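Subject: Structure for your files, with notes

Dear colleague,

I am handing over the structure we spoke about, with the sequence alongside. Please read the notes below with the model open.

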Amino acid sequence: MHRTPSLQALIFDVDGTMADTEEAHRRAFNLAFKQRDLPWHWDRGLYSELLRVSGGKERIRHYWRTLTEGEPTALDGTAMDDTIEQLHALKTAAYERLVQDGMVQLRPGVQDLIEAARAQQLRLAIATTTSPVNIAALLRMALGADWSHHFQVIEDASTAPKKKPHPQVYQQTLRHLGLPAEAALAFEDSANGLQAARACGLATIVTPNAYTARHDFTGAARVVADLRGVDVPQLRRWHVQARTPAPA
Ligand code: XBP
Ligand code: MG
């Protein structure tokens, strides 16, 4: 009989899971558009739709294409690529300032769980589609200058260019951990993230937020409001339950 490996690693998504960052991202995108004198403004309703496209650059490109659908755009591909790169650099700088100004905190229970997991020798990893600058800005504020020592593997937009729901970021995380999916739990907030984790066979704990509350979380091992009070024994129980086939 195939024994389920014990729980050895926790793999965290960043945006929306470790912290409610998307409001800061949304403001940063709008600041960048303003800096480039573009008449674009992403309100919460539009941003909620645009969040179905993972990756800031991909999101800008998707939005731009919807604006110019059917029209011969004045910009050729290279000019559009350059403009998107410049806009995203402005946005990332604006996001970093907003985080440094204290706009974003870790969600309830996240820091306690990270510390408890480390104390109980669970390995920690990050699997995100966001940019490395954004991870550092958030976790330096939340966990201190040595934040990266908490995580053995960090896979992000710079190392896994194919964005969720593509499973690349989770595939690379598991490979660099040297673990099978059965030995880990993933933590996500969105349908794209859940699909990427499930595509790798990862049991996934979902903590929705205001932007993702209505997403489809079919296949999640658990959907909980947040990680408040969730400890390592609880995760071990969820891990065993997720890997135990339901009675026929
Ligand atoms: C969420 C994303 C990111 C952020 C914006 O990442 O899709 O694109 O919205 O960050 P995850 P960037 O939930 O996987 O952490 O502009 O750097 O992409
Ligand atoms: Mg997320």
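Along the chain, the donors of the magnesium ion (ligand 2) follow the spacing D-x1-D-x173-D. The protein donors are Asp13 (OD), Asp15 (O) and Asp189 (OD), which lie 2.1 to 2.3 Å from the ion; donors here are N, O and S atoms within 2.8 Å of the metal (3.2 Å for Na, K and Ca), and water is not among the atoms, so sites may look incomplete. Asp15 sits in the loop between strand 1 (9-12) and helix 1, whereas Asp189 sits in the loop between strand 4 (184-188) and helix 8 (191-199), so the pair ties together parts that are 174 residues apart in sequence. Both Asp15 and Asp189 are buried, where buried means under 20% relative accessible area, exposed over 50%, and partly exposed in between (1.4 Å probe, protein chains only).

This is a predicted model, in which local features need pLDDT of at least 70 and side-chain atom pairs count only at pLDDT 80 or more, while totals for chains, interfaces and linings use all residues. Residues are numbered from 1 along each chain as its sequence is written, chains are lettered from A and ligands numbered from 1 in the order in which they are written, and side-chain values use heavy atoms, with hydrogens and water left out.

Next, the helix packing. Helices (H or I, at least four residues) and strands (E, at least two) are DSSP runs, numbered from the N terminus. Axes are lines fitted to C-alpha atoms, for helices over the stretch in contact, and angles run from 0 to 180 degrees between N-to-C directions. Helix 1 (residues 22-35) packs against helix 4 (residues 77-100) at an angle of about 130 degrees, with the two axes 8 Å apart. Helix 1 and helix 4 are therefore oblique to each other, on a scale where angles under 35 degrees count as roughly parallel, over 145 as roughly antiparallel, 65 to 115 as roughly perpendicular and the rest as oblique. The crossing of helix 1 past helix 4 is right-handed (left-handed if the near helix is turned anticlockwise from the far one by less than a right angle, right-handed if clockwise). On the helix 1 side, the residues that meet helix 4 include Ala28, Leu31 and Phe33, and among their counterparts in helix 4 are Leu87, Ala94 and Leu98; contact means heavy atoms within 4.5 Å. The residues of this contact between helix 1 and helix 4 divide into 11 nonpolar, 3 polar and 3 charged, with Ala, Val, Leu, Ile, Met, Phe, Trp, Tyr, Cys and Pro counted as nonpolar, Asp, Glu, Lys and Arg as charged, and the others, Gly among them, as polar.

Ala94, found in helix 4, counts as buried at 1% relative accessibility, and it touches Ala28 and Leu31, not counting residues up to four places away in sequence. Arg26 lies in helix 1 and counts as buried at 7% relative accessibility; residues up to four places away in sequence aside, Arg26 touches His41, Trp42, Asp43, Arg44, Tyr47 and Tyr211.

Helix 4 also packs against helix 6 (residues 132-143), at an angle of about 5 degrees and with the axes 9 Å apart, and the two helices are therefore roughly parallel to each other. Their contact includes Lys91, Tyr95 and Val99 of helix 4 and Val133, Ala137 and Met141 of helix 6, and the residues of this contact divide into 6 nonpolar, 3 polar and 3 charged.

Some backbone details in the loops also deserve a look. Most residues other than glycine have a negative phi, and most peptide bonds are trans. Asp37, in the loop between helix 1 and helix 2 (44-50), has a positive phi near 55 degrees and counts as exposed at 70% relative accessibility. Gln121, in the loop between helix 5 (110-119) and strand 2 (123-127), has a positive phi of about 60 degrees and counts as exposed at 64% relative accessibility. A cis peptide bond, with omega about 10 degrees, joins Lys164 and Pro165, and Pro165 lies in the loop between strand 3 (153-155) and helix 7 (168-177).

Lastly, Pro208 lies in the loop between strand 5 (203-206) and strand 6 (222-223) and counts as buried at 17% relative accessibility.
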